[in-house]
Amino acid sequence: MSVREQILAKVRANQPIDERPLPDLTAFPVRTSEVLDQFMTVLSTIGGKPVRVKNHAEIEAYLQENPYPGRIISSIPALQHPAEPIPENADPHELENVELAIITGTFGVAENSAIWVTEANYQQRAVPFICQHLAIVLPADAIVANMHQAYERLQGQEYGFGVFIAGPSKTADIEQSLVLGAHGARTMTVFLM
Amino acid sequence: MSTKPKHPELSERFNADEPRVDWHDATLWWIRQKRDKAAHTLYEDWESLRNTASAIKDNVLGNLADYLESFERQATANGAIVHWAADATEHNQIVLSLLQQAGANRMVKSKSMLTEECHLNEYLAENGIEVVDTDLGERIVQLADEPPSHIVMPCIHWKKEEIGELFHQHLGTPKGNADPQLLTEAARQHLRDKFLSRRVALTGVNFAVAETGEFVVCTNEGNADMGVHLADVHIACMGIEKIIPRREHLGVFLRLLARSATGQPITTYSSHFKSPRAGAQMHIVLVDNGRSQQLGREAFRNSLKCIRCGACMNTCPVYRRSGGHSYHNAVAGPIGAILAPNLDMTKNADLPFASTLCGSCSNVCPVKINIHEQLYEWRQELTRQGKVDFGKKMGLKMMSTVLSSPMVYRSMGKMGRWTMRVIPGMVSNSFNPWFKQREMPEPPKESFRDWYLKNRS
């Protein structure tokens, strides 16, 4: 017997045989309708920065007022003026010097301000982690209340890599002092459009 | 019998520095309070989330073999390569062979308690492989040549001044500087170089989904992702109990995990790995190492529901005052004390006794493991198996004689109170373990029974 078969045989022999049905997840009702407000409040408390904008021009104006000195990349064609496109099929190491990456988010979650992004949003998996600063453009009406609703949206979705991102990279490993900017992005700005 | 120091002796060492114990205790209690606050913000859902999570895990334990097969099938279809390891040795050999196949003699690793359990770093070092732990806390204890003392906060026992000195020696930070911001920045620069230059990245796994073959890794720092997305080879190591049936169940567990661990609403990154990046490899190592055996122990199988949040440690009055290293096991605290005897009853027979059985661990557990009941069950099992040392056994026998006879109990009580009053030196001495680190209580003049008999009318 192979190791695999041995393990499976042992598990089968030892696992309990009583009926153990899966619980119903619909028992978690949505508790709030103020999802956008909650999303913005939670995002601020976890170190992110919500910015309301009407269109891409306002994002451009914001970036002029709050400049990021250095390389800016974006997957959003409308932002190709301040940013260069994200190079497809490039070696991810080549992104090492990115100061700001601007990508689109699919939807946000009000209870924890996590934003779902997949590689379809930004071509290169390393982008939202390797950049010094991250900005995500999120439709203001694409906010769900909680994680159950989030996974309802993800039902049957195909992706090779997807990630919920909630705020900037952080650590509290040194005496529980919160420090933003551990290994990933030092700041996270969310443009709610 | 192994001669390695046991929990009482290791705790005594930790307790030698009283202010440090107080600080450690207060820090962990603060994290426990953050957990409470986070749980209370979801007060309408919290208990049903715990019940639901526990029920999902019940279903997993009852159908684990099928779920493992389904996960393997899906993951393989997604382009991952699945390996099976019966024990720690096989796990370590698989990882080494993958490194050799990749022609790599160094790699980055994000947090994985399983690899701690398997002593992977030591094994790879013996085989000429350099491993860099990339979680900040893990990097700190690695530089100090120590194991983590907590599964979520590996260097919770370190003071910032000590980390400053460690970084001064290893990373060249200014001597005497203990600013967390500066030290974190130094680690960021130091590890960024590692991320950019390593071709193999190993990660742990928080949840693996049987339905889709994807797995989820949660970090706050982004170190797992920095490692994986810049490497050619991703090795993900997981215990076979990490399986959950469907993707939608992640909603339940991700709501519970970070809130229970640190009081955050969710970790910064919850990364869902389904297929390898174009041109890269993804390996998944499924490890048994005693889990299938624990599954067969009816009284203890629920310990396999654990999602490694660490809440039971933060709340434990013993862990907070004895430190993670006193458990001499990869997973410390109450959950470690019910997992460890399954791995080695002789070596870990002391751990289920490192508890007051107060039950706080069970009360905070997000998947409702009956931890304190299992600690009690293990004590009985270990005694039956002859793993409990002679002194403890005799003590318990004597106690049983005293407590089962009212007459003996009353006369012993009288004798005890008299002794403590008249010759306190008989009990307040270093031979009495109850006198260590504490004062003996003032003995009452009469027992409650005597008082009651006098006053009951």
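**A walk through a predicted two-chain model**

In chain B, 72% of the contacts with a separation of 6 or more are made by residues 24 or more positions apart, a contact being a pair of residues whose C-beta atoms, placed from the backbone, lie within 7 Å. The model is predicted, and local features need pLDDT of at least 70, side-chain atom pairs count only at pLDDT 80 or more, while totals for chains, interfaces and linings use all residues. Residues are numbered from 1 along each chain as its sequence is written, and chains are lettered from A and ligands numbered from 1 in the order in which they are written.

Chain B has 21 helices and 10 strands, where helices (H or I, at least four residues) and strands (E, at least two) are DSSP runs numbered from the N terminus. Its radius of gyration is 24 Å, close to the 23 Å that the globule rule gives for 457 residues, so chain B is as compact as a globular protein of that length; the radius is taken over C-alpha atoms, and the rule is 2.2 Å times the number of residues to the power 0.38. Along its principal axes, the C-alpha trace of chain B spans about 85 × 55 × 50 Å. The domain assignment, which is automatic or comes from a database, divides chain B into domain 1 (7-12 + 309-384), domain 2 (15-292) and domain 3 (405-455). Between the C-alpha centres of domain 2 and domain 3 of chain B the distance is 49 Å.

Within chain B, six strands form an open sheet with parallel pairing, in the order E1-E10-E7-E4-E2-E3; two strands pair if DSSP finds at least two bridges between them. Strand E1 (81-85) and strand E3 (130-133) of chain B stand at the edges with a single partner strand each, so one side of each is left without a neighbour in the sheet. Strand E2 (residues 106-109) and strand E4 (residues 200-203) of chain B run parallel and are joined by two bridges, and Lys109(B) has Leu202(B) in E4(B) as its bridge partner.

In chain A, strand E7 (residues 133-138) is mostly covered, since five of its six residues are buried, a term for residues with 20 or more other C-beta atoms within 10 Å of their own, whereas 12 or fewer count as exposed and values in between as partly exposed, with C-beta atoms placed from the backbone. Five bridges join E7(A) to strand E4 (residues 98-104) of chain A, in parallel, and six join E7(A) to strand E12 (residues 187-192) of chain A, also in parallel. Leu134(A) in E7(A) is the bridge partner of Ala101(A), and Leu134(A) is also partnered by Met188(A) in E12(A).

The two chains meet where 66 residues of chain B are in contact with 59 residues of chain A. On the side of chain B that touches chain A, helix H3 (residues 46-62) gives the most, with eight residues. Strand E9 (residues 161-165) of chain A runs antiparallel to strand E9 (residues 269-273) of chain B, with five bridges joining them, and Phe161(A) stands opposite Phe273(B).

Two loop residues deserve a separate look. Most residues other than glycine have a negative phi. Ser113(A), however, has a positive phi of about 55 degrees and lies in the loop between strand E5 (107-109) and strand E6 (115-118) of chain A, where it counts as buried with 27 C-beta neighbours inside 10 Å. Asp145(B) likewise has a positive phi, near 60 degrees, in the loop between helix H8 (136-143) and helix H9 (160-171) of chain B, but Asp145(B) is exposed, with 6 other C-beta atoms within 10 Å.
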